[in-house]
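Please go through this predicted model with the report below.

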Amino acid sequence: MKSVNIGICGVGTVGGGTLNVLRDNAELIAARAAARLQVIHVGARHDSPACDLAGIRVSRDIFEVARDPEVDILVELIGGTTVARELVEAAIIAGKHVVTANKALIAEFGNEIFALAEKHGVDVRYEAAIAGGIPIVKAMREGLAANRIEWLAGIINGTGNYILTEMRDRGREFADVLAEAQSLGYAEADPAFDVEGTDAAHKLVILASLAFGMPLQFDAVYTEGITELTTQDVGYALELGYIIKHLGIAKQTDEGVELRVHPTLIPDDLLLADVDGIKNAILVEGSAVGPTLYYGAGAGAQPTASAVVADLIDLARDVGVGVSARLPALGVALADLRSLPIIPIEKVKTPWYLRMEVADKPGVLSRVASIFSEQGISIEALIQRAPGQGQTLVSLIVLTNKAPQDSVDIAVCEIEALETISGKVTRIRVEALDG
Ligand code: HSE
């Protein structure tokens, strides 16, 4: 049987998992790839006691791997965007296919990297960059290829989902759960990437490009984190029949494309609402197939290795039959990507959950209602909590019909200026996810 030679740069968690999967499932992988996948060269700046590198050449200079004429496919697992980009580009120029788990690299520099790969007749695969082990790239690029993708919505950061689940089920506070997620190793090295939505934005922009056939536009994603969420709002949402999830949403509309990551109330009877803990899930609406849901582990050594090795098997088959560019990186040839307008977040229309702390006095409710009415915002539901013993403020929770953010901004500004309102109005978008 033919061998395909692999070089791996970075032998941390995912690198170790990849070596394990390649070794443990060597026979079935060889059968599926029609080739033996041999790791012949590893680039690692430090030893990794968890990885057995016996019989594998190890270079401290990771660029040695990119220069190794024996390596057919380079696996980039070092993370970051500076050295990782140089490494990937060096490998491409040297005529090697590349597999990467690096979502930031693809989201921010994918357009340039894919163009370089096209020029040199090699492929760059990135299944592991989005939602760990869930084969969402394969599903979208191949399984749903017959469909026009209308929209997608995903829980694509496990750390954030774990935090929200703990806040809802155990009433725990945000900071407390984040500290635990860090100690369990779920969070990014800088957990701000998880809780402020950057990690999800990286993944969303790649999914959107695959969905709509457009170039990657990371800077165009509206990103809002979950750091301001309180257990109080999580509880009120539950009372109203909603679960709060941190979603990445991409929608194609007549006006353009919506690209946004933010906390979202979703109906509690949706399957997506049941995706708890560190799990990821992506709901994709195709024009022919309707809604489809992809669920699984979004991080971790073995799940991410599952995606890395799936890409290696695909590429090994291509190497075996001497083809490249069988699957364009973003689903269509780069020249056929369409530049679609991105709708500014101020103009994106959604229903809203708004909570305000108001004085328990006659006339307050009618004043708030008239401000909404003046902005053309229609109220869908409203609840008011009776004041606690000795308290003068009550929580007023309003669910609106669809309204653009700029109208809500004006209404909120006017409401916050009322003497009968205390503090800021909390606002969270709502999505029915039904079309
Ligand atoms: N920190 C990420 C998460 C890891 O929590 O989902 C996978 O990208």
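## Two alanines with positive phi

Ala34 is partly exposed, with a relative accessible area of 43%. The residue sits in the loop that links helix 2 (26-33) to strand 2 (36-43). Its phi is positive, about 55°, although Ala34 is not a glycine.

Ala131 also has a positive phi, here about 60°, and is not a glycine either. Its loop runs between strand 6 (124-125) and helix 6 (136-143). Is Ala131 buried or exposed? Ala131 has a relative accessible area of 1%. The cut-off for buried is under 20%, so Ala131 counts as buried. Ala34, at 43%, falls between the 20% and 50% limits and is therefore partly exposed.

## Domain layout

The domain assignment divides the chain into three parts. Domain 1 is made of two segments, 2-133 and 301-336. Domain 2 covers 140-297, and domain 3 covers 347-430.

## Where domain 2 meets domain 3

Taken over C-alpha atoms, the centres of domain 2 and domain 3 are 26 Å apart. Domain 2 brings 18 residues to the contact, and domain 3 brings 14 residues.

About 1,400 Å² is buried between domain 2 and domain 3. Carbon and sulfur atoms give 61% of that area. Which residues of domain 2 lose the most area to domain 3? They are Tyr236, Leu240 and Leu265. Together these residues make up 39% of what the domain 2 side buries.

## The second largest pocket

The second largest pocket holds about 370 Å³ of space. Its lining has 18 residues. Closest to the pocket centre are Glu224, Glu228, Val425, Thr426 and Arg427. Two elements each give two or more residues to the lining: helix 14 (405-416) and strand 18 (421-430). Strand 18 supplies the largest share, five residues.

By class, the lining of this pocket has seven nonpolar residues, seven charged residues and four polar residues. Why does the pocket lie between domain 2 and domain 3? Both domain 2 (140-297) and domain 3 (347-430) give residues to its lining, so the pocket is placed between them.

Notes. Residues are numbered from 1 along each chain as its sequence is written. This is a predicted model: local features need pLDDT of at least 70, side-chain atom pairs count only at pLDDT 80 or more; totals for chains, interfaces and linings use all residues. Side-chain values use heavy atoms; hydrogens and water are left out. On a 1 Å grid over the protein atoms alone, a cavity is a set of points where a 1.4 Å probe fits but cannot get out, and a pocket is an open set with protein on both sides within 12 Å along at least five of seven lines; lining residues have an atom within 4 Å of a point. Grid points are joined across faces, edges and corners, and a volume is the space filled by probe spheres set on the points. Helices (H or I, at least four residues) and strands (E, at least two) are DSSP runs, numbered from the N terminus. Ala, Val, Leu, Ile, Met, Phe, Trp, Tyr, Cys and Pro count as nonpolar, Asp, Glu, Lys and Arg as charged, and the others, Gly among them, as polar. Domain bounds come from an automatic or database domain assignment. Buried means under 20% relative accessible area, exposed over 50%, partly exposed in between (1.4 Å probe, protein chains only). Contact means heavy atoms within 4.5 Å. Buried area is the accessible area (1.4 Å probe) that two parts lose on being put together, summed over both.
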